[in-house]
Amino acid sequence: MVLNCKHVWDHISEYLDGTLDPEMLDQVKKHLEHCEICSAVLDSTRNILILTADDRTFSLPVGFSERLHDRLEQALRNPPD
Amino acid sequence: MLIEGNNERSMVGNGDESDVIAAILAGETQLFHELIRPYERSVYMVALSMLKDSADAEDVAQESFLKAYCGLAKFRAESKFSTWLISIAINEARSRLRKQKTSRTESLDVTSEDGAPVSPAALTDWREIPSEILERQEVRLLLQEAVTELPTIYREVFVLRDMEELSVNESAAVLGISVASVKVRLHRARIMLQKRLAPQLNKIVAPKKRRFPWF
């Protein structure tokens, strides 16, 4: 079976997770070798996931930790149930 | 996934954690501060992914840690402490959402995962965007909006898997959905983000680069 681009797109997630079965992995790799569009789709997806997962993208509200531990402090005066 | 984010992870191993939990239950309650410190961000992010509002998410995060403290004796070491905390946060967030639904009209963004296939933005080449670009607020905002505006069922899975690095099985367990659903939703979330963000980021990084929007 020869994969077209749309088939490859269906497998991008598993490709990134390293969970494609060896036969499909081989076919996807072969397609990627000659398809600049799918290669760019894969590279951009991987790159965007790295950027969104970076802690700088979503930061904790200023003072979050202090407020949390202040609130906990009152509860910690009593032992847990 | 075969990528690494810039995430700080727990310095306390599972073995140490169970010792700390035992000590807290034996009366050294102050140790709870240190026990939860590595997970503050995860619990907040999970709450934020479900509630979309930072003040609500902070409140739910605080409530979750309080619940975790009160119910610490119920924690069983066969699950990871982090996963247990995240389950509590998901339950708290869901309960908050139910309360909100009774007081205002909820926008329905539940999307069937059997819907039409999602296609990525087809580019002909991609120049790697370094993470230094996150110093720019406009880039952070683009990314935040794209994640926040994912339909809820996709956003929940995306945050657990790709941002908080839970396994497929752990994500399925804490959300109460099948492993197959986690995989489908995660795939769709990732493609939706690529479709939206790749053209936007390309414009920011290389404004004059020629692109083919579709083929």
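Visitor: Where do domain bounds come from?
Guide: They come from an automatic or database domain assignment. This is a predicted model, where local features need pLDDT of at least 70, side-chain atom pairs count only at pLDDT 80 or more, and totals for chains, interfaces and linings use all residues. Residues are numbered from 1 along each chain as its sequence is written, while chains are lettered from A and ligands numbered from 1 in the order in which they are written.

Visitor: Okay, how is chain B divided?
Guide: Into domain 1 (14-103) and domain 2 (107-215).

Visitor: How many residues of each are in contact?
Guide: 10 residues of domain 1 of chain B are in contact with 11 of domain 2 of chain B. Contact means that C-beta atoms, placed from the backbone, lie within 7 Å.

Visitor: Which element gives the most to the domain 1 side?
Guide: α3(B), with 5 residues.

Visitor: New topic. How many helices and strands does chain B have?
Guide: 9 helices and 0 strands. Both are DSSP runs, numbered from the N terminus: helices are H or I, at least four residues, and strands are E, at least two.

Visitor: And the chain pair: how many residues are in contact?
Guide: 39 residues of chain A are in contact with 54 of chain B.

Visitor: What gives the most on the chain A side?
Guide: α4(A), with 15 residues.

Visitor: How does that side divide by class?
Guide: The side of chain A that touches chain B has 21 nonpolar, 9 polar and 9 charged residues. Ala, Val, Leu, Ile, Met, Phe, Trp, Tyr, Cys and Pro count as nonpolar, Asp, Glu, Lys and Arg as charged, and the others, Gly among them, as polar.

Note on methods
Contact = placed C-beta atoms within 7 Å.
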